[in-house]
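Good morning, and thank you for joining. I would like to take you through a few features of one structure, and I ask that you keep the view open as I speak.

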Amino acid sequence: MEDRTVAVQVSNLEKAYKLYDKPSDRLKEALGLSRKKKYKEHYALKGVDLTIYQGETVGIIGTNGSGKSTILKIITGVLNPTKGSVQVKGRISALLELGAGFNMEYNGIENIYLNGTMIGFSSKEIDAKLNDILSFADIGDYVYQPVKTYSSGMFVRLAFAVAINIEPEILIVDEALSVGDVFFQAKCYHKFEEFKKMGKTIVFVSHDLSSVSKYCDRVVLLNQGVKLGEGSPKKMIDAYKQVLVGQYPVQEEDGGLLHDEEIRKAAALSAGIEADGSKAPEEGGKTDAGMVNPELLEYGTRAAVIEAYKILDDRGRNTGAILKGSECSIHMKVRFLRDIEEPIFAFTIKNIKGVEITGTNTMVEKAFLESVEEGSLMEITFTQKVMLQGGEYLLSLGVTGFENEEFTVYHRLYDVLNLTVISDKDTVGFYDMNSRVCVRHSDRTLTDVTG
């Protein structure tokens with residue numbers, strides 16, 4: 001990537017806030033009346049490095065309070081960093097706090113010109129964009145009314161339309177693609193795809209992991225202000241899910257992901273694959289279908305362990321290839337190493353880009369709501385008709401539960417098995433609605449057509 005043009009360069013970025021126990025402490029310090037430090041420092045970002053190249057779509061993910069919005073505000077100049085530097089090459093449009101620069105007394109047209117001027121456009125340039133903005137917002141004659149009279153939906157539609165239609169070189173998006181009704185959201189995503197096709201640089205923050213997986217070329221994972229890692233959307237989303245349940249490996253000093261190789265080796269052995277890629281000896285083990293992923297991701301407290309798993313077709317054969325429209329069953333054996341109240345057994349099917357397509361669990365299905373004793377070996381079977389489009393998919397398995405109202409992962413196996421759906425008819429999207437079709441001339445009777 002060394003020969004590519006850098007659009008955004010973030011170096012050793014830190015942002016610290018002073019937290020005071022009471023307002024009077026802030027006042028005393030401001031007036032110089034106290035020699036003691038009256039505040040605690042909270043780092044929203046600490047030592048973050050990030051390089052974004054022109055034409056890339058980079059996602060930033062992490063839990064609430066991880067520093068995602070803070071880094072976007074520093075890149076756009078809304079906040080100043082405590083330490084470090086940010087260099088930006090190109091004109092930025094930011095979808096952060098929609099409508100933050102609107103004057104509530106002005107009407108929609110006046111606010112369009114106000115916002116456009118703040119971004120750096122001349123009146124003539126805004127004139128050229130006005131029809132596109134009005135068409136995208138689609139709020140009719142309300143555009144001539146003061147925005148204080150708008151509904152919240154109309155307000156965000158206009159704000160989004162202004163921000164998205166100025167054709168920036170760099171687009172910064174913070175949870176802004178889910179505004180308005182479902183039809184407006186579809187329009188927003190279509191515009192987003194247009195930006196990608198035009199080769200624009202996009203920095204994208206969202207909790208919608210399917211969108212992150214679909215649109216992003218690369219993903220950065222933040223946690224408590226620290227960059228845990230960066231890489232493919234699939235790898236970082238899987239790591240993020242570990243962070244959510246407090247089971248992500250600690251960061252190494254060099255900033256890499258700790259024990260990645262060790263995790264892969266342990267997971268491969270657990271799946272019945274030796275370190276050299278050969279099949280390990282069977283111990284009543286996983287599956288003999290030969291479609292186990294040697295680089296699966298495995299984690300959990302291991303209070304319960306998934307010891308075996310397989311996919312059977314409608315004839316009971318152990319296979320990873322299922323005919324579309326036929327039934328298949330997903331099986332797993334779970335051994336309990338201690339007593340667990342109401343464990344939840346689950347499976348998820350993802351496409352090869354990491355987008356979750358479907359899945360379920362025993363709690364949702366109300367199929368098993370009992371406690372299990374230590375030493376028990378449970379066999380779980382999910383049986384369903386497969387209407388997925390033909391293609392390659394990945395199966396993930398898990399056993400989880402709640403302890404003292406806290407969600408707990410006992411054992412998860414991500415992308416453990418390959419599932420191939422064989423089809424001679426693929427419709428649009430991920431799933432076949434299996435429609436029944438009737439076509440006839442409206443000026444004839446049904447008998448004329450079918451007789």
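In this predicted model, three strands make up an open sheet, arranged in the order 11-13-16, with antiparallel pairing. At the edges stand strand 11, residues 304-312, and strand 16, residues 377-385; each has a single partner strand, so one side of each is left without a neighbour in the sheet. From one strand to the next, the twist averages 15°. Strand 13, which covers residues 327-336, is joined to strand 16 by nine bridges, and the two run antiparallel. To locate this pairing on the screen, please find Ile330, which stands opposite Phe382 in strand 16.

Let me turn to the salt bridges, of which the structure holds 19. One of them brings together the side chains of Lys324 and Asp426, at 3.8 Å from N to O. Lys324 belongs to the loop between strand 12 (321-323) and strand 13, while Asp426 belongs to the loop between strand 18 and helix 10 (446-450), so this pair ties together parts that are 102 residues apart in sequence.

A second salt bridge joins Asp217 to Lys196, and here the closest N and O atoms are 3.8 Å apart. This pair also links distant parts of the chain: Asp217 is in the loop between helix 7 (209-215) and strand 8 (218-223), and Lys196 is in helix 6 (residues 182-197), 21 residues apart. Asp217 counts as partly exposed, at 44% relative accessibility, and Lys196 counts as partly exposed at 27%.

The next pair is Glu230 and Lys227, whose closest N and O atoms are 2.6 Å apart in their salt bridge. Glu230 counts as partly exposed, at 34% relative accessibility; Lys227, at 17%, counts as buried because the cut-off for burial is under 20%.

I move on to helix 8, which spans residues 233-244. Its twelve residues reach 16 Å from the first C-alpha to the last, close to the 16 Å expected at 1.5 Å a residue. How much of helix 8 is covered? Helix 8 is mostly covered, with nine of its twelve residues buried. After helix 8 comes Gly246, which has a positive phi, near 70°.

Finally, please look at Pro81, in the loop between helix 2 (68-75) and strand 4 (83-88). Pro81 counts as partly exposed, at 31% relative accessibility. Although Pro81 and Leu13 are 68 residues apart along the chain, their C-alpha atoms are separated by 6.8 Å.

That brings me to the end of the tour, and I am glad to return to any of these views in the discussion.

Terms used:
Residues numbered from 1 in each chain as written. Predicted model: local features only at pLDDT ≥ 70, side-chain atom pairs only at ≥ 80, totals over all residues. Heavy atoms only, no water. Helix = DSSP H or I, 4+ residues; strand = E, 2+ residues; numbered from the N terminus. Expected span 1.5 Å × (residues − 1). Buried < 20%, exposed > 50% of the residue type's maximum accessible area, 1.4 Å probe, protein only. Pairing = 2+ DSSP bridges. Axes fitted to C-alpha atoms, helices over the stretch in contact; angles between N-to-C directions. Salt bridge = Lys/Arg side-chain N within 4 Å of Asp/Glu carboxyl O.
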